[in-house]
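Student: I would like to learn how to read helix packing from a model. Could we work through one example together?

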Amino acid sequence: MNEQHAKFRSMDEGTQEDWEIIGRHFMPFAHALPDRVLTHLKLLDGDYGGFPIDRLQHSLQTATRAHRAGESEPYVVMALLHDIGDTLGSYNHPDIAAAILKPFVDEKLHWVTQHHGVFQGYYFFHYLGMNRDMREAFRGHEYFEDTARFCELYDQAAFDPSYDSAPLEFFEPMVRRVMERPINSIYKAVGEAA
Ligand SMILES: [Fe+2]
Ligand SMILES: [Fe+2]
């Protein structure tokens, strides 16, 4: 079957028909987002960076600890994906996970994701000649304690090679459910119409 394509050479030539063709492609593509995210997460497999366990195992351990502590499904998915940006965001990895999760989680979980790097620094920045209290710049923010708690209970605690983490397959249905529908996106209406 020949795939239909829009005919414009620049968007100012676009027609209703063109955008109906593009619109028909958008939802299947958007619905496959969890597959692309999980594929990317697997890039962390075998990536140790000197740590006791690789970054995929760290992600699984963080998510498993959060799940076993009774955190919500979006929280567990956030815990699973919080370091997914390590491959492309060597200098700002929390921003990447925060951007991927933003349409699907509430403001608090987004904030925790985006700021976890600075808060995690409390446990090691001083070994790198940095200020471990950099997080104090956010003291008083309504999500300060939530972010400190995420790092204390789950993120900084998830480097134990002997911990019995659940496998990625355990979390896949959660990722699919959380990413099924955006709650914050300028394209939300397109998804709802489909
Ligand atoms: Fe991180
Ligand atoms: Fe982490």
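Student: How many helices and how many strands does the protein chain have?

Tutor: Bear in mind that this is a predicted model. The protein chain has nine helices and zero strands. Read along the sequence, the pattern is α-α-α-α-α-α-α-α-α.

Student: What does the C-alpha trace span along its principal axes, and what share of the residues counts as buried?

Tutor: The C-alpha trace of the protein chain spans about 60 × 35 × 30 Å along those axes. Of its 194 residues, 29% count as buried. Sequence separation is another way to look at the contacts: taking those between residues at least 6 apart in sequence, 55% join residues at least 24 apart.

Student: How do I read the packing of two helices, say H4 and H6, and at what angle do their axes cross?

Tutor: Begin with the axes, then turn to the residues in contact. The axes of H4 (residues 73–81) and H6 (residues 107–120) come within 11 Å and cross at roughly 15°. Angles under 35 degrees count as roughly parallel, so H4 is roughly parallel to H6. The crossing of these two helices is right-handed.

Student: Which residues make the contact of H4 with H6?

Tutor: H4 contributes Pro74, Tyr75 and Met78, while H6 contributes Leu109, Val112 and Thr113. Sorted by class, the contact has five nonpolar residues, one polar residue and no charged residues.

Student: Which residues of H3 and H7 meet?

Tutor: Thr62, Arg65 and Ala66 in H3 meet Leu153, Tyr154 and Asp155 in H7. By class, this contact has three nonpolar, one polar and two charged residues.

Student: Which residues does the UniProt domain annotation cover?

Tutor: An annotation comes from a record, and the coordinates can then be described over its range. The unreviewed UniProt entry gives "domain: HD" for residues 55–126. Over residues 55–126 the chain is 64% helix and 0% strand.

Technical notes: Residues numbered from 1 in each chain as written. Chains lettered and ligands numbered in written order. Predicted model: local features only at pLDDT ≥ 70, side-chain atom pairs only at ≥ 80, totals over all residues. Axes fitted to C-alpha atoms, helices over the stretch in contact; angles between N-to-C directions. Helix = DSSP H or I, 4+ residues; strand = E, 2+ residues; numbered from the N terminus. Parallel < 35°, antiparallel > 145°, perpendicular 65-115°, else oblique. Left-handed = near helix turned anticlockwise from the far one by under 90°. Contact = placed C-beta atoms within 7 Å. Nonpolar A, V, L, I, M, F, W, Y, C, P; charged D, E, K, R; others polar. UniProt positions renumbered as here; feature names shortened; annotations may be inferred. Buried ≥ 20, exposed ≤ 12 C-beta atoms within 10 Å, placed from the backbone.
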